[in-house]
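Have a look at the structure first, then read on.

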Amino acid sequence: CPVTAGLSMRMLNFNTSPLKNTAAEPVWKVLIYDRFGQDIISPLLAVKELRDMGITLHLLLHSDRDPIPDVPAIYFVMPTEENIDRICQDLRNQLYESYYLNFISAISRSKLEDIASAALSANAVTQVTKVFDQYLNFITLEDDMFILCNQNKELISYHAINKPDIMDTEMEAIMDTIVDSLFCFFVTLGAVPIIRCPRGNAAEMVAVKLDKKLRENLRDARNSLFTGDNMGAGQFSFQRPLFVLADRNLDLATPLHHTWTYQALIHDVLDFHLNRVSMDESVGSEASPSGARPKKKNKKSYDLTAADKFWQKHKGSPFPEVAESVQEELDTYRAQEDEVKRLKSIMGLEGEDEGPISSISMSDNTAKLTSAVSSLPELLEKKRLIDLHTNVATAVLDHIKSRKLDVYFEYEEKLMSKSTLEKSLLDIISDPDAGTPEDKMRLFLIFYITALQPPSETDLDQYKKALLETGCDLSSLNYIKQWKAFTKIAATPSNYGNSGTCMIISHAAARWSQSVVINYLVRKNRVFKVFFFQNLPVTRILDNLMEMKSNPETDDYRYFDPKMLRGSESSTPRNKNPFQEAIVFVVGGGNYIEYQNLVDYTKAKPGKRVLYGCSELFNAGQFIKQLSSLGQK
């Protein structure tokens, strides 16, 4: 969120507020971070922004680093034993002029004393200029989305929480890790929430521990992080936010669902990680000489950030709309490019080589041409973004066409909404041209999870035989059967969008030109039926709690108010007005489908603001691996 970015920039300015509109040269410095710090900063600040703030080098703490004795160093690391030892070693080796130590979460007194002892023995006490607890132990991916960690995420994964042989001490450690990050999140927001959660699962354990941690901090008035200047960063200044904790076991179908929106599709079929998508670059169509080693594909990475206006506008759009919008952007760009060329011709430059627009002479002082030339950087940036989204969307389309993902998406929507099925599930599973074994397994698991009654043993054997023949691993089904028997939940139609609206998107072919290649990214006159459901389970629960609706599903949810320092839960006075701001957090992992569903919900509620968080962010392939691991016998 903007607060996190602001705090990061403040930290990189020696923990003082950056001066706006100043022409002063920044103080040159180096940034030293561990993997946790790198993951927190990389989605927030690009390399150019770091340079603008005076960061000349950014290095990993445990890499080999040469001394730069005349430059200050800003450290941004977790307060682990290994990291503290390395910082002490840096002090002894006199690597930098001064040291600004910023810890991602609170450092213990004993470790602080270790640093003090090392500074004293190295005669570097005066060089340790500042030591700060930053309380930034979470990763902000969007203004309204955060995750807890990327490093060691398997330690707090769905698998870790739900494995059958988990020890009480292991579960306590997992809950403490999650609570530490959530505490940091609310310190950063500068807000003490009202906490609601279901009973009898991991979400309740997190709620109890978080409530206790917030109470203890509020009780210590002198050192509370939620009073005085510490509240200045908060975004929730008028009304306290609602914090809804949900358990992943509430809804196992949505994370497996084939999706149809741009951002969620990219995360599903490409390597999309901390707002950066990596994919194989096309290496041309020419064949390798006979007997020659095949050409190695180059990896190309693109950052999909808030600065990309096309991305911000279309990341939640259905894929066909994205294809059409890229074509429109390309047409607009070409019209602007043609206008510049026309001006060249009028100014008597038509005899010169008609190169790309970036080669236009900058010396012409005619008003129109000057105006056209001044728009060149903007035009070139627009062209870069068009190329970026052409490449990314083309890669997505390759998966859609080769795996028939549109067929899976539409069939799963019908399963989840209990609509009439035009084709039997067995036919899709048995079709050798329809999808990968993983696609087929995802479809069948959604069928099994959402079925009012599980299939008969005879039918199940038939399905299992067909799945095995296509190369599927049935371990995930073993776990889902156990989960369904344990929870005794059979999803009803209302669980997956009884108020959804069916929207038909009909579109002509979108023709994208890139060099000499013409890509028909959407087949001509193809009609996709796209179902937009307003109430995925997590969104529906949020709506009940945010609007103070009485509903059997949420009436039994526990209520915690950390500001009420005395009294039992039943005697705590409850807020009776609908909430304007809320944070939804899923213990056990989340996905972009749920996030987009909440974004769409918020758009339909003017004045409301909702943030989405999860312990880890996974796509369907990563989630099904966790289910398979849990189901192995």
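A nonpolar core here means a set of buried Ala, Val, Leu, Ile, Met, Phe, Trp, Tyr and Cys residues joined through side-chain atoms within 4.5 Å. Keep in mind that this is a predicted model.

With that in hand, the largest nonpolar core has 116 residues, and Ile 178, Leu 182, Leu 245 and Ile 266 have the most contacts inside it. Helix α7 (residues 168-189) gives the most to this core, with twelve residues. Apart from it lies another core, this one of 35 residues, including Tyr 158, Leu 415, Ile 428 and Trp 483. As for Leu 245, its contacts beyond four places in sequence include Leu 182, Ile 195, Phe 585 and Val 587.

Now for helix α4 (residues 81-92). Its twelve residues reach 17 Å from first C-alpha to last, close to the 16 Å expected at 1.5 Å a residue. Among its buried residues are Ile 84, Ile 87, Cys 88 and Leu 91, along with Asn 83, Arg 86 and Asp 90. The cover over these buried residues includes strands β3 (73-77), β4 (99-103) and β5 (128-133), plus α5 (109-121). After α4 comes Gln 94, with a positive phi near 50 degrees.

Finally, Asn 591 sits in the loop between β18 (581-587) and α20 (592-603). Asn 591 counts as buried because its relative accessibility is 3%.

| Backbone nitrogen of | Distance from Asn 591 side chain |
|---|---|
| Ile 593 | 3.1 Å |
| Glu 594 | 2.9 Å |

Key: Residues numbered from 1 in each chain as written. Predicted model: local features only at pLDDT ≥ 70, side-chain atom pairs only at ≥ 80, totals over all residues. Heavy atoms only, no water. Helix = DSSP H or I, 4+ residues; strand = E, 2+ residues; numbered from the N terminus. Buried < 20%, exposed > 50% of the residue type's maximum accessible area, 1.4 Å probe, protein only. Polar contact = N/O pair within 3.5 Å; in protein donor to acceptor, adjacent residues only side chain to side chain. Expected span 1.5 Å × (residues − 1). Contact = heavy atoms within 4.5 Å.
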